[in-house]
Amino acid sequence: MDGMVRQHALTCFLTGHHSQSKTLAERLEQFNSQSEIATLPPVPDKPGPASPPRSRHRRAWQYLLLIVAISVFGILLEALLVRLPGNTLGTPAANERLGAVHIHTVASDGSGTIPEIMTTAREANLSFMAITDHNVSMDKDALAADPPDFPIIAGEEFTTSSGHFLALGIPPGWQKPKTGDAETLLAAAHAAGGFNVLAHPFSSKIPWQDWKTSDYDGIEIWNEDENWRRDNVFALLAGLLVYSVNDQLAMVRLARTPEPNFAKWDELLATRPIVGMCGTDAHANLRLGHGMFLRFPGYLPVFLVAREHALLAPGAGAGDASKAGAAEILAALEHGHSFCSLDALYPASGFIARFSSGESSGGPGDFVTWTNQGSMHIAVPSGSSRPLIQVFRDGQKLIESEGWTVDAPLPGPGRYRTEVFLRQPGILGGRRWTLWIFSNPTYVTSVSDRLNDDRANSKK
Ligand SMILES: [Zn+2]
Ligand SMILES: [Zn+2]
């Protein structure tokens with residue numbers, strides 16, 4: 001037995017896997033034939049147990065499989081260990097209402113009915129939602145059934161030749177003109193009382209293409225569907241894997257700062273006030289073809305990501321914001337009295353962005369009259385990990401500060417908006433700064449600016 005093993009080892013050594021061994025065998029054979037002194041028996045010219053290239057391939061595959069298995073195990077283990085704050089509301093301000101805007105139901109290409117989605121939204125601690133099915137306004141009966149403590153804003157998402165836009169607040173049962181022309185549809189939606197918001201303007205699939213029109217009031221800065229599709233295929237595969245055990249962490253990992261949206265917003269804000277929105281674009285219906293679909297990403301994990309925090313006017317709900325109806329919440333959104341957050345990282349309720357000058361003071365969406373000096377006060381919930389706060393004035397970064405508050409003087413009039421970042425939780429997120437909150441601008445204007453604006457408006 002021992003001899004056989006040794007003989008096999010010798011055969012392998014001389015004919016086997018390694019190209020270097022073969023070269024040595026050839027050299028030895030050559031030496032034997034030339035030399036008078038034969039020190040080794042002649043080697044039979046038989047093929048080895050496997051030909052060298054196939055064997056190398058097999059080994060490479062084995063290594064690859066091992067690496068994949070270790071990676072999958074590592075990703076899953078980390079996803080199980082990382083704890084996010086979960087489904088908590090945080091500590092909202094007295095006038096704050098939390099909701100989801102841009103939702104699809106079974107009336108178009110979503111997978112949930114309105115009652116199912118409402119139940120899920122309540123689970124996510126939301127207290128309002130805006131339904132925007134594709135090219136169909138809300139059903140009158142469905143809207144009539146909404147309970148008073150959970151207002152539904154009726155809306156529609158229009159498909160046009162220039163891209164998609166949302167109209168919030170159009171009457172249920174409303175029939176749109178039968179055309180795909182963007183200008184006609186934007187005008188018709190406005191005439192019907194809609195608040196027009198350009199949807200996923202930088203989506204790889206359906207971007208907004210007509211930037212010459214101005215017949216809209218807001219743009220989606222964060223569209224969740226547009227956002228996760230920005231990830232590369234490896235990040236998406238890892239995201240799907242994490243999703244199977246920790247859906248919130250998956251959505252956090254897939255989050256990308258919407259740079260093109262912010263850049264466009266700043267460009268548009270230089271011409272007029274434009275509201276920046278968060279759209280969940282929730283479908284829970286990822287089509288795989290052949291009639292198959294994945295409920296990815298589901299309504300619940302998406303409702304913890306792109307959340308609209310509406311800051312209601314003082315008199316809303318007869319002084320009790322929790323009793324405010326859909327019209328009052330929509331009014332807050334229309335005025336840009338809102339901020340958006342990825343609450344799966346940490347609940348952003350209670351976030352403050354306040355800009356003051358003299359007697360005048362305001363938050364997101366407000367106008368403040370500039371007197372000779374002013375100040376800003378930014379504060380985020382103190383329970384979060386150490387955040388990075390950035391304040392932009394007229395699109396230029398004015399302040400970048402790590403910490404939970406910023407108190408600084410205002411250098412002068414301008415549009416001031418805030419972005420706040422938190423580091424990715426866990427190890428595999430690479431501690432990447434991840435967009436957590438962005439707010440609508442506060443417009444600090446000099447009296448002369450205000451007069452010019454009023455004159456321009458009166459000429460229209
Ligand atoms: Zn769309
Ligand atoms: Zn949509």
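What follows is a chat about the model, from overall figures down to single residues.

Me: What kind of model is this, to start with?
Reply: It is a predicted model.

Me: What is the mean pLDDT of the chain?
Reply: The mean is 86, and 86% of the residues reach 70 or more. Over residues 1-25, though, the pLDDT is below 50, and that stretch has 15 contacts in the model beyond near neighbours in sequence. Residues 31-40 are also below 50, with four such contacts.

Me: How should I read the coordinates where pLDDT is low?
Reply: Where pLDDT is low, the predicted coordinates should not be read in detail.

Me: Ok. How many helices and strands are in the chain?
Reply: The chain has 13 helices and 21 strands. It has 460 residues, and buried residues make up 39% of them.

Me: And of the contacts between residues at least 6 apart in sequence, what share joins residues at least 24 apart?
Reply: That share is 67%.

Me: Which residues have the most contacts inside the largest nonpolar core?
Reply: V197, I329 and W436 do, in a core of 102 residues. At least three residues of this core come from domain 2 (92-347), and at least three from domain 3 (351-460).

Me: Take I329. What is it in contact with, leaving aside its neighbours within four places in sequence?
Reply: The list is R97, G99, F128, P151, I153, A310, L312 and A324.

Me: Now strands. How many residues of strand 6 are buried?
Reply: Six of its six residues are buried, so strand 6, residues 218-223, is mostly covered.

Me: Which strands does strand 6 pair with, and in what sense?
Reply: Strand 5 (residues 195-198) pairs with strand 6 in the parallel sense, over two bridges. Strand 7 (residues 275-279) also pairs with strand 6 in the parallel sense, over five bridges.

Me: Different topic. Why is strand 19 called largely enclosed?
Reply: Because seven of its 10 residues are buried; the strand covers residues 414-423.

Me: What does strand 19 pair with?
Reply: Strand 16 (residues 388-393) runs antiparallel to strand 19, and six bridges join them. Strand 20 (residues 433-439) is also antiparallel to strand 19, joined by five bridges. Strand 21 (residues 442-445) pairs with strand 19 in the antiparallel sense over three bridges.

Me: What is the order of strands in the open sheet of four?
Reply: The order is 13-12-15-18, with antiparallel pairing. Strand 13 (360-362) and strand 18 (405-410) stand at the edges with a single partner strand each, so one side of each is left without a neighbour in the sheet. From one strand to the next, the twist averages 10 degrees.

Me: How many bridges are there between strand 15 and strand 18?
Reply: Six bridges, in the antiparallel sense, with strand 15 at residues 374-379. I378 stands opposite V406 in strand 18.

Me: Last one. Where is E78 found?
Reply: E78 is found in helix 3, residues 52-81. It is partly exposed, with 18 other C-beta atoms within 10 Å.

Me: And what does E78 contact, beyond its neighbours within four places in sequence?
Reply: E78 is in contact with G426, I427 and L428. E78 and V245 are 167 residues apart in sequence and 10.0 Å apart in space, C-alpha to C-alpha.

Note on methods
Residues numbered from 1 in each chain as written. Chains lettered and ligands numbered in written order. Predicted model: local features only at pLDDT ≥ 70, side-chain atom pairs only at ≥ 80, totals over all residues. Buried ≥ 20, exposed ≤ 12 C-beta atoms within 10 Å, placed from the backbone. Pairing = 2+ DSSP bridges. Axes fitted to C-alpha atoms, helices over the stretch in contact; angles between N-to-C directions. pLDDT = per-residue confidence, 0-100. Contact = placed C-beta atoms within 7 Å. Core = buried A, V, L, I, M, F, W, Y, C linked by C-beta atoms within 7 Å. Domains from an automatic or database assignment.
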